[in-house]
Amino acid sequence: MPDPAMSAQPKSDPHPLIRMQAIRKSYFSGDIETPVLHGIDLTIERGEFVAIMGQSGSGKSTLMNILGCLDTPTSGTFNLDGAEAAQLSDNDLAAVRNRTIGFVFQGFNLLKRMPLVDNVALPLLYAGVSMREARERAMKKLALTGLGTFGKRLPNQISGGQQQRVAISRALVCDPALILADEPTGNLDTTTSQEIMELFTRLNREQRITILIVTHEPDVARYATRLVRLKDGLVTYDGPVAGAHF
Amino acid sequence: MGIWQVMIEAFRAMGMNRLRAGLTMLGIIIGVGAVVLMLAIGESVRGDINQRITAMGSNLFIVFPGSSTANGVRAGRGAAQTLTQADAQALAGIENVEYSAPIIQQPFQVAAGNNNWNAMVYGVTPEYFSIKAWDTEAGSLFGDIEMRSLSRVAVLGRTTAQNLFGDMNPVGQTVRIRNKPFEVIGVLADKGSDLGGGDQDDAVFVPLATARQQVIRTWFPGSVNLIMVQAARADRMKDVEQDIVQTLRIRHRIREDQEDDFTVRDLSAIAEAAQGIATMLTLLLGAIGSISLVVGGIGIMNIMLVSVTERTREIGIRMAIGAKRRDVLLQFLTEAVVICVCGGAIGIALAYAGGLAVSRFSPLAVEISSFAIAIAFSFSAMVGVFFGFYPARRAAGLKPVEALRYE
């Protein structure tokens with residue numbers, strides 16, 4: 001049953017941040033093909049706050065990996081920020097992950113032997129920024145997420161919510177156009193989840209950063225403005241969060 | 001990412017797992033320590049041999065008389081008394097000859113007070129001591145004056161002096177050779193054993209003319225047992241040898257179709273052989289050390305592979321935030337090299353300590369050369385690169401999405 005909201009696409013902007021057309025992805029185990037994505041069309045404009053929902057096995061993680069340039073589609077075209085992902089080399093993709101995208105993971109994924117400031121500064125070091133400048137900029141981003149005095153601590157010395165804030169600081173440090181958050185509240189309690197989601201909302205509103213969140217919690221999805229629902233590798237709903245059923 | 005940053009990260013990674021890093025390093029420590037110490041020991045053995053060769057006299061020829069044939073029986077070399085003091089003088093005139101020293105010798109029982117001792121008695125000229133670069137540790141040598149005046153003076157080797165006089169200072173004392181008294185005017189410095197193992201210090205030296213007249217009976221006046229000839233330059237040995245042969249053939253009136261009645265032996269050939277053995281020994285010891293270094297390197301490779309597997313997730317995270325394959329490769333390679341270079345430094349320190357210990361408890365004077373240190377250091381860095389490369393490339397070859405998913 002096609003949703004009426006789908007026909008409202010596409011919008012008029014000729015250069016959206018993300019444009020996916022007929023994206024298919026299959027995993028191969030020997031000769032056995034396991035299709036995961038069956039042809040996804042998705043366009044996301046700059047400044048949007050999108051939640052992607054779906055049950056496990058719906059392909060949302062796979063979609064996320066393709067969006068994050070961590071994985072490549074089997075077929076279809078994926079245009080990110082004006083560049084055709086299929087034509088980028090490994091090094092180009094690394095540069096895109098470094099500068100255009102900021103990742104936030106469910107498990108925070110901080111490097112545990114590094115002080116927080118160095119964790120946040122790491123993407124800048126890979127971008128070729130000097131240590132001193134990278135640390136200064138990292139401290140600014142830590143302050144932005146409310147952890148300005150935590151720079152010298154190690155990840156295991158702070159709470160989960162704080163760790164996720166550090167991860168968000170790290171995602172922000174190269175001033176990316178897009179933040180990809182994969183179940184960012186999955187390991188957090190309700191109160192902390194709310195704080196994190198409010199932080200995302202603030203970043204989206206104040207800094208006009210495009211935010212894409214994968215979640216299976218309706219409470220989290222409600223912070224977004226647009227909802228994309230996946231089922232069995234296909235988009236079953238794409239429209240405003242306001243009118244969606246959860 | 002700058003190389004300093006990568007180094008800091010490498011040290012951090014080592015700090016995370018100190019025991020493992022330490023044990024890995026131990027392999028390199030032992031390897032580098034073994035290489036450095038073995039090379040140093042080999043080098044000191046070579047130095048020791050060189051010293052003995054120099055003590056024997058360098059660029060040296062020994063001219064023996066040929067064999068004699070009497071009644072159809074050919075006697076051994078030296079049986080004929082064909083060499084003379086005049087031959088020696090003639091040889092001294094050859095171009096590039098530094099010294100020519102005629103020698104007569106015969107073993108005697110030498111007595112001093114109530115002690116007696118069997119020693120070789122040599123009749124030599126002062127040139128003999130120059131060739132051997134031999135000086136006295138007490139008293140003095142005899143010179144031309146003693147030679148001409150037929151003085152009954154003797155210079156004792158250390159061993160002989162010890163056995164005849166014990167702790168007493170022999171200088172000024174008298175020794176009796178063939179019941180003729182000789183005044184001891186000097187005791188020679190310790191020379192040690194020659195390459196054949198004979199004790200060079202067990203000898204009594206008297207002026208050649210005195211020896212000939214009063215002690216040693218020779219075949220005919222002027223004949224000598226052998227002549228030592230020292231060339232001035234090592235690269236002229238061949239020319240000098242030819243000239244010696246030529247001069248002696250002319251002097252002995254040997255026709256072209258006749259054989260030499262003397263033998264010239266080039267002692268530098270013996271020296272070369274000994275040095276060759278020493279070089280082989282150094283190589284052998286170095287090879288043994290290298291094997292342990294390679295084993296240590298394999299240990300590094302092993303641990304780095306484990307480390308790459310363990311830190312797959314970390315690699316995934318780094319790739320997700322923008323690390324290029326090159327960055328990951330460099331990171332793991334640097335870790336391996338840092339472990340190797342740290343291990344190398346400690347290994348060199350241990351080898352140094354080991355060298356001091358060997359010098360103290362054995363006759364060898366082991367010295368760790370800066371050359372050996374440089375070799376070991378660069379070698380250990382190379383081991384790091386060589387054995388770190390495969391694991392590092394494996395890390396760099398991981399797919400970001402799979403690395404991130406790794407639990």
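## A strand covered on both sides

Let's start with β7 (178-182) of chain A. Both of its faces are covered: Leu178(A), Leu180(A) and Asp182(A) are buried on one side, and Ile179(A) and Ala181(A) are buried on the other. Here, a residue is called buried if 20 or more other C-beta atoms lie within 10 Å of its own, exposed if 12 or fewer do, and partly exposed in between, with C-beta atoms placed from the backbone. Five of the five residues of β7(A) are buried, so this strand is largely enclosed by the rest of the structure. Strands and helices are DSSP runs numbered from the N terminus, with at least two residues (E) for a strand and at least four (H or I) for a helix.

Keep in mind that this is a predicted model, where local features need pLDDT of at least 70, side-chain atom pairs count only at pLDDT 80 or more, and totals for chains, interfaces and linings use all residues. As for the labels, residues are numbered from 1 along each chain as its sequence is written, while chains are lettered from A and ligands numbered from 1 in the order in which they are written.

What does β7(A) pair with? It runs parallel to β6(A), joined by four bridges, and pairs with β8(A), also in the parallel sense, over five bridges.

Put together, chain A has an open sheet of six strands in the order β6-β7-β8-β3-β9-β10, with mixed pairing. β6 (101-104) and β10 (234-240) of chain A are at the edges with a single partner strand each, so one side of each has no neighbour in the sheet. From one strand to the next, the twist averages 15°. Helix α5 (residues 160-172) of chain A packs on this sheet, touching β6 and β7, and its direction makes about 170° with that of β6(A). For such angles, axes are lines fitted to C-alpha atoms, over the stretch in contact for helices, and the angle runs from 0 to 180 degrees between N-to-C directions.

## The four-stranded sheet

Chain A also has an open sheet of four strands, ordered β2-β1-β4-β5, with antiparallel pairing. Its edges are β2 (32-44) and β5 (83-84), each with a single partner strand, so one side of each is left without a neighbour in the sheet. Strand β1 (residues 18-29) of chain A pairs with β2(A) in the antiparallel sense over ten bridges. One example is Arg19(A), whose bridge partner in β2(A) is Thr43(A).

## An enclosed helix

Is α3(A) enclosed or open? Eleven of its eleven residues are buried, so the helix is largely enclosed by the rest of the structure. Among them are Leu116(A), Asp118(A), Pro123(A) and Tyr126(A). These buried residues pack against α2, α4 (131-144) and α5 of chain A, together with α1 (3-16) and α11 (325-361) of chain B. Just after the helix, Gly128(A) takes a positive phi of about 95°.

## Where the chains meet

How many residues does each chain bring to the contact? Chain A gives 20 residues and chain B gives 17. Two residues are in contact if their C-beta atoms, placed from the backbone, lie within 7 Å. On the chain A side, α2 (90-99) and α3 (116-126) each supply at least two residues, and α2(A) has the largest share, six residues.

## Domains and confidence

Chain A is assigned domain 1 (1-91 + 177-239) and domain 2 (109-175); the bounds come from an automatic or database domain assignment. Their C-alpha centres lie 25 Å apart. Chain B is divided into domain 1 (3-52 + 273-405) and domain 2 (81-260), with 55 Å between their centres, taken over C-alpha atoms.

The model scores ipTM 0.91 and pTM 0.73. pLDDT is the predictor's confidence in each residue, from 0 to 100. Chain B has a mean pLDDT of 87, and 96% of its residues reach 70 or more. Within chain B, confidence is lowest in strand β2 (residues 69-70), at a mean of 55, and highest in helix α10 (residues 312-320), at 94. Where pLDDT is low, the predicted coordinates should not be read in detail.

Definitions and conventions:
Pairing = 2+ DSSP bridges.
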